[in-house]
Amino acid sequence: ERWIPQLVSAGHRIGAFVAGTHSPEVSDAESCLLVNQWLVRRPVLEDQPLNEYVRHGESTVHRRARIEPGVRMIGRVLVGAETHIGRDATLVGPTSIGIGCEIGDGALVSRSALWDGCRMGSFSSVDSSLLLHGAMVKADESLFGIVRGGDGAASSREVDGELMNGQPDSEAALTAAFRRSWSRKSAEVGA
């Protein structure tokens, strides 16, 4: 719940989903990625694809998604409606790609969550990252462990929540929170 105010103050859309059963808590970027991975791995996707989705190996793709020739899907990947995956792109699960996304030719998406309307240029790559609604990754740009919003912030620099020109740099603040949570978890595991 600490993460929601950060997203709201950065101008991102927030929605609620009422779960009929126990649901994991999402409190930061790390837990968001972990829940995303859990959802992609759920048995319903293994045995019975959701309505309007079809199976491609271990992956689940919406019928209205367009997958170009040469695309490689490795592991469990979930691709939403109206999404276009360009020629020779590689998707490594667990990964989810939302509705209306555009993944350029030769791009790599690995162990990440892309919310609706994300755009990735040709030969760009994201790994262990969270792209919020409408986020963009330029052609040939690579991101690792980044949270990027769709607010036009294009910086991937590591800044621990510092103010930039009097305004919070939303991507930098979210990325710093993401990295702090990974550091905490790594320290807990190593202890």
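## Chat on a predicted model: salt bridges, sheet and cores

Reader: Start with arginine 148. Buried or exposed?
Author: Arginine 148 counts as buried, at 1% relative accessibility. Bear in mind that this is a predicted model.

Reader: Which residue forms a salt bridge with arginine 148?
Author: Glutamate 141 does. The closest N and O atoms are 3.0 Å apart.

Reader: And glutamate 141, buried or exposed?
Author: Buried. Its relative accessible area is 16%, and the cut-off for buried is under 20%.

Reader: What is the bridge partner of arginine 148 in the sheet?
Author: Leucine 131. Strand S14 (residues 130-131) and S17 run parallel, joined by two bridges.

Reader: Where does S17 sit in the sheet?
Author: The sheet is open, with seven strands in the order S1-S2-S5-S8-S11-S14-S17 and mixed pairing. Strand S17 (147-148) is an edge strand, as is strand S1 (53-56). Each pairs on one side only.

Reader: Back to leucine 131. What does it touch?
Author: Among its contacts beyond four places in sequence are Leu114, Trp115, Met120, Val126 and Arg148. Leu131 is also among the residues with the most contacts inside the largest nonpolar core, which has 22 residues. A second, separate core has seven residues, including Leu33 and Val147.

Reader: Salt bridges again. How many in the structure?
Author: Four. One of them joins the side chains of glutamate 82 and arginine 64, at 2.5 Å, N to O. The two are 18 residues apart: glutamate 82 lies in the loop between S5 and S6, arginine 64 in the loop between strand S2 (59-62) and strand S3 (66-67).

Reader: How accessible are those two?
Author: Glutamate 82 is partly exposed at 47%. Arginine 64 is partly exposed too, at 49%.

Reader: What about aspartate 127?
Author: Aspartate 127 forms a salt bridge with arginine 111, with the closest N and O atoms 2.6 Å apart. Aspartate 127 is in strand S13 (residues 125-127), and arginine 111 is in the loop between strand S10 (108-110) and strand S11 (113-114). Aspartate 127 is buried at 18%, whereas arginine 111 is partly exposed at 35%.

Reader: New topic. Where is threonine 83, and what does it touch?
Author: Threonine 83 is in the loop between strand S5 (77-79) and strand S6 (84-85). It is buried, at 1%. Its contacts beyond four places in sequence include Arg64, Ile97 and Cys101.

Reader: Last one. Where does pLDDT stay under 50?
Author: Over residues 154-171, where the model has 35 contacts beyond four places in sequence. Also over residues 181-191, with five such contacts. The chain mean is 76, and 64% of residues reach 70 or more.

Note on methods
Residues numbered from 1 in each chain as written. Predicted model: local features only at pLDDT ≥ 70, side-chain atom pairs only at ≥ 80, totals over all residues. Heavy atoms only, no water. Helix = DSSP H or I, 4+ residues; strand = E, 2+ residues; numbered from the N terminus. Buried < 20%, exposed > 50% of the residue type's maximum accessible area, 1.4 Å probe, protein only. Contact = heavy atoms within 4.5 Å. pLDDT = per-residue confidence, 0-100. Core = buried A, V, L, I, M, F, W, Y, C linked by side-chain atoms within 4.5 Å. Pairing = 2+ DSSP bridges.
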